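Shall we take a look at this protein model together?

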Amino acid sequence: MNKPEISEYLIEKRPKTLQINDLAALFCGDKKVVYTATQDQEDEERVKELCDRFKFKLLIMKEKGKNVFNQNHTDILIGTDTKRMEEAKKLFLENRLKEWGIYLDYPECCVESYSEWDYKESLIAYIFSKTKIKTKTPFYINNITNFYSRTPDPRKRVKILFKNFLEKNKELFSSGMDFEPIITWHPCSYNCKESIKRGEKIYEFMEKHIPERAKIRKELLSGIFIFKDDFEFLAIKGEIKAIGKNISINIKKILPWPKTFFKKEYIFAIKKTKDINLYDWKILNPKQLKDLLVLPFS
């Protein structure tokens, strides 16, 4: 495989519904199976072209219109291991989603943790609660802007909020960017060793073949994130000082992306405050932000 051609398929010729990170993981051998869902003939042709060019296997699980619950797309697996793909298809059709995740090459520890999440709190807060040693972690494990499989909860406003989130960030999306993470799954904790190891491998591949896109993605995912809820968070740059669980952050800059629904009074409080004070990565001061989570990525 030559570099220019891989770059072209990662960006321009990639099926619209196949994420860049998933395809990069397949190219670099981190994953043997990836899932996509084609919605039109153009996407179907792109999938076939991709598989023909790079000798990937293609397996249709459910055809468009064949299932009353999924009439608008065709569920497809692309991969390098036919046996594994057949087993994944079986698990998918039997709705055995926990095992299905493992056969999509997500780390077993992360699949296990995700299966225990009950949607009563944000998945980000849930993962944070499972993180025993809270410290700066590599940006390629950042899943704050990964909404896939994260918001299928009973909150009625989620779909509206996601639509409005996309609208808020349309300026960035119009330039061809997105908010995909580097890893394609949600980690079991923010110091999951396997997720960090594999995330580094995927990012290094992206850095080699699509360096400009990789650089921008790193800029989007790096930083200190003040987190309230799925669509209420803010990215900042700052210096972190920690003594045990007592932490202070000297604020240097509020980052322009992503644009979310973080309250204006929160932002005003941050601008007025030289240092954010925390205990165990939960804000103590300014008081307007008390108990919000802080997740630092570098």
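Q: How are helices α2 and α10 oriented to each other?
A: This is a predicted model, in which local features need pLDDT of at least 70 and side-chain atom pairs count only at pLDDT 80 or more, while totals for chains, interfaces and linings use all residues. Residues are numbered from 1 along each chain as its sequence is written, and side-chain values use heavy atoms, leaving out hydrogens and water. Helix α2 (residues 20-27) packs on helix α10 (residues 193-209) at an angle of about 95 degrees, their axes 9 Å apart; axes are lines fitted to C-alpha atoms, for helices over the stretch in contact, and angles run from 0 to 180 degrees between N-to-C directions. Angles under 35 degrees count as roughly parallel, over 145 as roughly antiparallel, 65 to 115 as roughly perpendicular and the rest as oblique, so α2 and α10 are roughly perpendicular.

Q: By class, how many residues in the contact of α2 with α10 are nonpolar?
A: On the α2 side we find Ile20, Asn21, Ala24, Ala25 and Phe27, which meet Ile202, Phe205 and Met206 of α10 (contact means heavy atoms within 4.5 Å). Ala, Val, Leu, Ile, Met, Phe, Trp, Tyr, Cys and Pro count as nonpolar, Asp, Glu, Lys and Arg as charged, and the others, Gly among them, as polar. That contact has no charged residues, one polar and, as nonpolar ones, seven.

Q: How many of the residues of α2 are buried?
A: Buried means under 20% relative accessible area, exposed over 50%, and partly exposed in between (1.4 Å probe, protein chains only). In α2, the buried residues are Ile20, Asn21, Asp22, Leu23, Ala24, Ala25, Leu26 and Phe27. The helix is therefore largely enclosed by the rest of the structure, with a buried count of eight of the eight.

Q: How many charged residues are in the contact of α10 with α11?
A: Helix α11 (residues 211-221) packs with α10 at an angle of about 130 degrees, their axes 5 Å apart, which makes α10 oblique to α11. Tyr203, Met206, Glu207, Lys208 and His209 of α10 make the contact with Pro211, Ala214, Lys215, Arg217 and Lys218 of α11. By class there are four nonpolar residues and one polar, and the number of charged ones is five.

Q: Which strand do the buried residues of α8 pack against?
A: Helices (H or I, at least four residues) and strands (E, at least two) are DSSP runs, numbered from the N terminus. In helix α8 (residues 158-168), the buried residues are Val158, Leu161 and Phe165; because they cover an arc of only 60 degrees around the axis, they sit on the same side of α8 (the arc is that of the directions from the helix axis to the C-beta atoms). Lys159, Ile160 and Lys163 are exposed on the face turned away from that buried side. The partner of the buried residues is β5 (232-243).

Q: Which residues have the most contacts inside the largest nonpolar core?
A: A nonpolar core is a set of buried Ala, Val, Leu, Ile, Met, Phe, Trp, Tyr and Cys residues joined through side-chain atoms within 4.5 Å. Leaving aside neighbours within four places in sequence, leucine 77 is in contact with residues including Val33, Tyr35, Leu59, Met85, Trp100 and Leu104. The largest core has 95 residues, and those with the most contacts inside it are Leu77, Ile78 and Ile226.

Q: Is threonine 74 buried or exposed?
A: Threonine 74 is found in strand β3 (residues 74-79). Its contacts, not counting residues up to four places away in sequence, include Thr36, Thr38, Glu44, Ile60 and Lys64. At 5% relative accessibility, threonine 74 counts as buried.

Q: How far apart in space are valine 111 and tryptophan 100?
A: Valine 111 lies in helix α6 (residues 108-116) and is buried, with a relative accessible area of 9%. Valine 111 and tryptophan 100 are 11 residues apart in sequence, and their distance in space, C-alpha to C-alpha, is 9.3 Å.

Q: What is omega at the cis peptide bond joining tryptophan 257 and proline 258?
A: Proline 258 sits in the loop between β6 (246-254) and α12 (264-272). For its cis bond with tryptophan 257, omega is about -10 degrees.

Q: What is phi of tryptophan 281?
A: Tryptophan 281 is in the loop between β7 (275-279) and β8, and at 5% relative accessibility it counts as buried. Phi of tryptophan 281 is a positive value in a residue other than glycine, near 65 degrees.
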